[in-house]
Amino acid sequence: MSAVAQERMPALYLSHGAPPLADDPIWPGELAAWSAGLPRPKAILMVSAHWEEAPLAIGAIETVPLVYDFWGFPEHYYKVTYAAPGAPELAESVRKLLRTPGTPVQNVPDRGLDHGAYVPLVEMFPEADIPVLQISMPTLDPVRLMEIGRKLAPLRDEGVLIVGSGFFTHNLAALRHEGGVPGWSAEFDDWGRRALESADVDALLDFLRKSPAGRLAHPRTEHFAPLFVTLGAADVAGELGEQKSVIDGFWFGMAKRSVQFG
């Protein structure tokens with residue numbers, strides 16, 4: 001990408017919700033207000049809970065159809081489009097930053113944006129006029145993901161918005177819970193808020209053991225994992241202590257906490 005000086009972009013971790021997020025009376029407005037307060041990105045790099053592939057893969061670098069990676073929803077959710085421009089320059093920068101002799105980077109040119117990417121982007125950047133690139137998570141190991149984030153951090157100085165997209169708590173048992181927010185979801189969200197505010201990266205890296213109800217909040221950890229890419233990108237800039245929760249609260253019992261560094 002161009003070496004022309006740019007304003008350093010923040011690094012984000014957001015809870016992306018499912019396709020019906022668009023119909024929520026509050027959440028779309030929260031996402032829109034968040035993006036309105038950001039500097040305009042030159043490009044957006046998405047790391048979604050819904051694409052795990054190793055070696056690390058770079059998705060489409062031109063506009064291709066979205067990936068409707070969900071089942072059982074009304075038909076209109078499968079007609080949503082988000083024809084953002086491709087980001088071939090960003091893809092090349094990602095390859096240079098991440099590829100080493102022992103760490104290949106593969107291309108999946110027909111892999112469009114999944115709902116972890118396009119659902120929040122539709123609300124945050126509805127004009128779809130900013131180039132977007134999605135890469136896979138090659139592992140769920142927090143330490144390795146944080147290292148990937150550190151390697152990607154220089155992109156922020158080139159105007160790239162790095163976004164880890166997951167869900168701060170993610171156990172679909174919450175959908176069946178009666179009587180408000182499940183205790184495990186509220187407890188984990190409060191613990192995570194405090195860990196982020198105190199920049200307790202060691203606790204976050206070991207969240208399954210050090211958090212209350214961690215294994216209930218994340219029976220599988222793919223929705224928390226993108227946070228570590230964001231943390232790595234913030235760590236290089238010395239911004240771990242500058243975190244702020246931009247969105248909080250719960251959606252169908254799951255914590256939608258979303259945070260910004262820088």
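Aromatic pairs number 19 in this structure, a pair being two rings of Phe, Tyr or Trp (its six-membered ring) whose centres lie within 6.5 Å. One aromatic cluster brings together Tyr13, Phe168, Phe188, Trp191, Phe207, Phe224 and Phe228. The model is a predicted one, with local features needing pLDDT of at least 70 and side-chain atom pairs counting only at pLDDT 80 or more, while totals for chains, interfaces and linings use all residues. Residues are numbered from 1 along each chain as its sequence is written, and side-chain values use heavy atoms, with hydrogens and water left out.

Next come the open spaces. The largest pocket has a volume of about 340 Å³; a pocket is an open set of points on a 1 Å grid over the protein atoms alone, with protein on both sides within 12 Å along at least five of seven lines, and lining residues have an atom within 4 Å of a point. A volume is the space filled by probe spheres set on the points, which are joined across faces, edges and corners. Among the 18 lining residues of the largest pocket, Ala18, Phe73, His115, His170 and Leu172 lie nearest its centre.

The largest cavity, of about 130 Å³, is lined by 17 residues, with Ala60, Glu62, Val64, Leu113 and Val132 closest to its centre. The second largest cavity holds about 30 Å³, and its lining consists of Leu196, Ala199, Val201, Leu204, Leu231, Leu240 and Phe261.

Technical notes: On a 1 Å grid over the protein atoms alone, a cavity is a set of points where a 1.4 Å probe fits but cannot get out, and a pocket is an open set with protein on both sides within 12 Å along at least five of seven lines; lining residues have an atom within 4 Å of a point. Rings of Phe, Tyr and Trp (its six-membered ring) pair if their centres lie within 6.5 Å; planes under 30 degrees apart count as stacked, over 60 as edge-to-face and the rest as tilted.
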